[in-house]
Amino acid sequence: MKAREDSTFVSGVDRCAAWWYRAGDAPRPGPVVVMAHGLTGTRRDRLGAFAERFAAAGFAALVFDHRGFGDSAGEPDLFQPARQLEDWRAAIAYVRARPEVDADRVVTFGSSLGGGNALAAAAEDLQVAAAISQVPVLDIFSQAYRSPLSVRLHMLVAAARGGYLPAVGQPHEAAFINAPYSEGGWRRVVALGEDSRWRNRVSARWLLGRPFRPVRAARGLHCPWLVCVGEQDRVAAPGPAIRAARNAPRGEVRTYPGVDHFDIYDGPEHDSVVADQIDFLHRHVGLHAPTGVARSAPKSAGSA
C-alpha cells in the first residue's frame with residue numbers, strides 16, 4: 001500500500017491539489033522533496049513513481065499540480081511562468097509548516113520546464129537546501145526544438161490573439177512540444193500514469209512575455225543542484241543544461257547515453273535516474289549530511 005495522502009494548499013486565491021508521501025521510518029522532522037512537472041504535465045503523469053522511491057529511501061515528498069492543470073483549481077490551461085513560480089512558493093511554504101518537515105531541508109524537484117522552475121524556486125529562496133532538475137528546460141532560446149518558420153509564425157499569431165495551442169504535436173504542427181517522436185513519447189507517459197487529467201491544450205500568450213530563461217540563476221545558485229540530462233534529448237537540447245550545471249557553484253550533472261526526453265519515466269532509464277537522485281539526496285539532506293553546509297560532490301558523472 002502506498003504511504004500517500006491527498007492534500008491541498010492555497011496559491012493566490014485558488015487551491016492546488018497535491019499528494020503527500022510519508023517518509024518510511026525516517027526520524028521526524030526530516031527532509032522533503034517538493035515536486036512538479038512543467039507546462040501542462042500533472043502529478044498523475046508518472047511523478048508518483050519518483051516520489052514513491054524517495055519516500056521509501058527516507059525522504060518525504062509533496063507532488064502538486066499547478067493552478068489550472070490536473071486536479072487544481074484556477075483558470076483552466078492558463079500557463080504563465082511567473083504564475084507557476086508562485087505555486088512553487090506556496091508549495092514550499094506549505095511543507096515548511098508541516099510538523100514532520102525540517103524547514104532547512106527542503107529540496108525542489110522538477111521535470112522539463114518544471115526543472116527550470118525547480119532551479120528558479122531554489123535560487124530565490126536561500127533556505128532551500130538543494131535542487132534537482134531532470135531533462136530540464138532552462139533556456140527556451142538555446143534548448144527548444146527549432147520548428148519550421150511557418151510553424152513558429154503560427155504560434156506567434158495564436159499568442160498575439162490570446163489563443164491556445166496543443167501542448168504536444170508533430171513537427172509540422174503548431175504545438176509547444178513538437179520535436180520528432182515527442183508526441184508519442186509524452187502520450188506514453190500519460191498512458192502509464194494514474195487516471196491522468198492531462199489535456200492537450202495550453203495558453204499561448206506567454207510567448208510574447210519575458211522569455212523562460214531560469215538558466216540565468218545557475219551561476220549564483222547557493223545550494224547543491226543535480227541536473228539529470230538525456231544525451232539524446234530532442235525536446236530540450238542537452239548541451240546548455242550540462243554547461244549550466246558545470247558552471248553552478250555546487251552543480252552536479254549526470255548524463256544518460258541514448259536517453260530521450262520522455263525515456264526517464266519508466267524502465268531501466270527510470271531506475272538509473274532515480275538511483276542517482278536518491279544518492280544526491282542522501283549526501284545533501286540525508287540523516288548524515290552535514291548541518292547547514294552540504295557535503296562537496298563531484299561536478300560531473302556519466303559520459304558528460
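**Cavity, pocket and surrounding sheet**

Mentor: A search of the whole structure finds one cavity of 30 Å³ or more, where a cavity is a set of points, on a 1 Å grid over the protein atoms alone, at which a 1.4 Å probe fits but cannot get out. This is a predicted model, in which local features need pLDDT of at least 70 and side-chain atom pairs count only at pLDDT 80 or more, while totals for chains, interfaces and linings use all residues. Residues are numbered from 1 along each chain as its sequence is written, and side-chain values use heavy atoms, with hydrogens and water left out. The mean pLDDT (the predictor's confidence in each residue, from 0 to 100) is 93 for the protein chain, and 94% of its residues reach 70 or more.

The largest cavity has a volume of about 120 Å³, a volume being the space filled by probe spheres set on grid points that are joined across faces, edges and corners. Its lining, meaning residues with an atom within 4 Å of a point, comprises 14 residues, and Gly38, Leu39, Ser112, Ile177 and Trp186 lie nearest the centre. By class, eight of the lining residues are nonpolar, six are polar and none is charged; here Ala, Val, Leu, Ile, Met, Phe, Trp, Tyr, Cys and Pro count as nonpolar, Asp, Glu, Lys and Arg as charged, and the others, Gly among them, as polar.

Helix 4 (140-143) and helix 5 (149-160) each supply at least two lining residues, and helix 5 gives the largest share, three residues. The pocket lining has 18 nonpolar, four polar and three charged residues.

As for the fold, helices (H or I, at least four residues) and strands (E, at least two) are DSSP runs, numbered from the N terminus, and two strands pair if DSSP finds at least two bridges between them. Eight strands form an open sheet in the order 1-2-4-3-5-6-9-10, with mixed pairing. Strand 1 (4-11) and strand 10 (251-256) are at the edges and have a single partner strand each, so one side of each is left without a neighbour in the sheet. Strand 3 (residues 30-36) runs parallel to strand 5 (residues 101-111) and is joined to it by six bridges, and Met35 has Phe109 of strand 5 as its bridge partner.

Definitions and conventions. On a 1 Å grid over the protein atoms alone, a cavity is a set of points where a 1.4 Å probe fits but cannot get out, and a pocket is an open set with protein on both sides within 12 Å along at least five of seven lines; lining residues have an atom within 4 Å of a point.
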